[in-house]
Amino acid sequence: MVAADEAKGGLFFLYGYGGTGKIFIWKTLSSSIRSRGDIVLIVASSGIASLLLPGGRIVHSTLAIPLNSTEDSTCNIKQGSPLAKLIVKATLIIWDEAPMIHRYCFEDLDQTLRDILRFKDASSLDRPFEGKTIILGGDLRQNFPVITKGTQQDIVNATLNSLYLWLHYEILKLTRNVRFHGNQLGTHLDELKKISDWILAIDNRRIGESTYPNFFNHSNDIDYLHQRAILAPTLDIVESINEYMVSLNHNPEKTYLSSYKICMSDHGFTALDHVHTPKFLNSIKCSGVPNHSITLKVGFSEMLLRNIDQS
């Protein structure tokens, strides 16, 4: 708050495992600053995380970070554009689940902010992110950035703490699981705390055979955990689960269809025109490509995974 009030810039990393209150911190900071009329940009590295944040959006959409960042890439933000003006006026930028993303994305943002803000304050050229106050958050125990066919060295080199700006960050830690201490869950509170401590011990590599707890002695183990997780090995199972969940909502439904067509940039190439028909394109179902049809109902959340062209 001091760094945001003085507008002198600052880099912070809020470290904490699940349940320690990171989202509570984001909501408190954003509410405090927005209540006085200032702007806070809240982004996350994943779609699910962005849904939990007040006014949260995916970082690639908000900050125009390239989907495939490289060592020499920059964000697609032009000087004087509405997005550039919004970033200039922003008092604080909050980035949740930061360790999940490649360090090149942070370097892209650093170079872009230096280009955008150097006209506002030339004295801040030597400061990281051109003196903008930025808070990153997440758990370093979670997944590292995915490097296709990468070695261990490639994966470590892509992590956040390999960033050349990492030495400038002030590390803040959350260590108390407020999710269990703050909820009155009756007689199961002690058991749930044991599960939390056991999972944390696995993360910290302090687990041994003698410390494995015998949790599941209750007849209603599923209800007792108060949590659900669905692990789907294939896209077909994901689709069937989604269809079932949609069927539980009795509001009127509306189906939208995609519009695919072949790019005719090379007019001389017609050998596969009879293969790439609209019927064939509409039948494609694979990771990274949306299905041809989507059925929506009022009351369901939809995540925009990628928004390349914001206009």
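How many of the five residues of β7 are buried? The number is zero, so β7 lies largely in the open; buried here means under 20% relative accessible area, exposed means over 50%, and partly exposed is what falls in between, with a 1.4 Å probe and protein chains only. Helices (H or I, at least four residues) and strands (E, at least two) are DSSP runs, numbered from the N terminus.

A word on the ground rules. This is a predicted model, in which local features need pLDDT of at least 70, side-chain atom pairs count only at pLDDT 80 or more, and totals for chains, interfaces and linings use all residues. Residues are numbered from 1 along each chain as its sequence is written, and side-chain values use heavy atoms, with hydrogens and water left out.

Back to β7, then. This strand pairs with β8 in the antiparallel sense, over five bridges; two strands count as paired if DSSP finds at least two bridges between them. Within this pairing, Lys 254 has Leu 296 of β8 as its bridge partner. A salt bridge is part of the picture too, meaning a side-chain nitrogen of Lys or Arg within 4 Å of a carboxyl oxygen of Asp or Glu. Lys 297 makes one with Glu 253, and their closest N and O atoms are 4.0 Å apart. Since Lys 297 sits in β8 (residues 293-297) and Glu 253 in β7 (residues 253-257), the pair ties together parts that are 44 residues apart in sequence. Lys 297 is buried, at a relative accessible area of 13%.

By the salt-bridge rule, the count comes to six. One of them joins Asp 5 to Arg 36, with 2.7 Å between the closest N and O atoms. Asp 5 belongs to helix α1 (residues 2-6), while Arg 36 is in the loop between α2 (22-34) and β2 (39-44), so this pair ties together parts 31 residues apart in sequence. Both ends are partly exposed: Asp 5 has a relative accessible area of 46%, and Arg 36 has 39%. Asp 38 comes in as well, linked with Asp 5 and Arg 36 in a network of salt bridges.

Arg 114 pairs with Asp 110, the closest N and O atoms being 3.1 Å apart, and the two residues lie four apart in α6 (residues 103-117), about one turn of the helix. Asp 110 counts as buried, at 0% relative accessibility.

Now for the sheet. Six strands form an open sheet in the order β3-β2-β4-β5-β1-β6, with parallel pairing. Its edge strands, β3 (57-58) and β6 (170-173), each pair on one side only. Four bridges join β6 to β1 (residues 10-15), the two running parallel, and Phe 13 has Ile 171 of β6 as its bridge partner.

Helix α5 (residues 82-89) packs on this sheet, touching β2 and β4 (90-96), and its direction makes about 100° with that of β4. Contact means heavy atoms within 4.5 Å; axes are lines fitted to C-alpha atoms, for helices over the stretch in contact, and angles run from 0 to 180 degrees between N-to-C directions. In α5, Leu 83, Ala 84 and Ile 87 are buried. Seen down the axis of α5, its buried residues fall within an arc of 100°, so they line one face of the helix; the arc is that of the directions from the helix axis to the C-beta atoms. Their cover includes β2, α4 (59-62), β4 and α6. The face of α5 turned away from its buried side carries the exposed residues Pro 82 and Lys 89.
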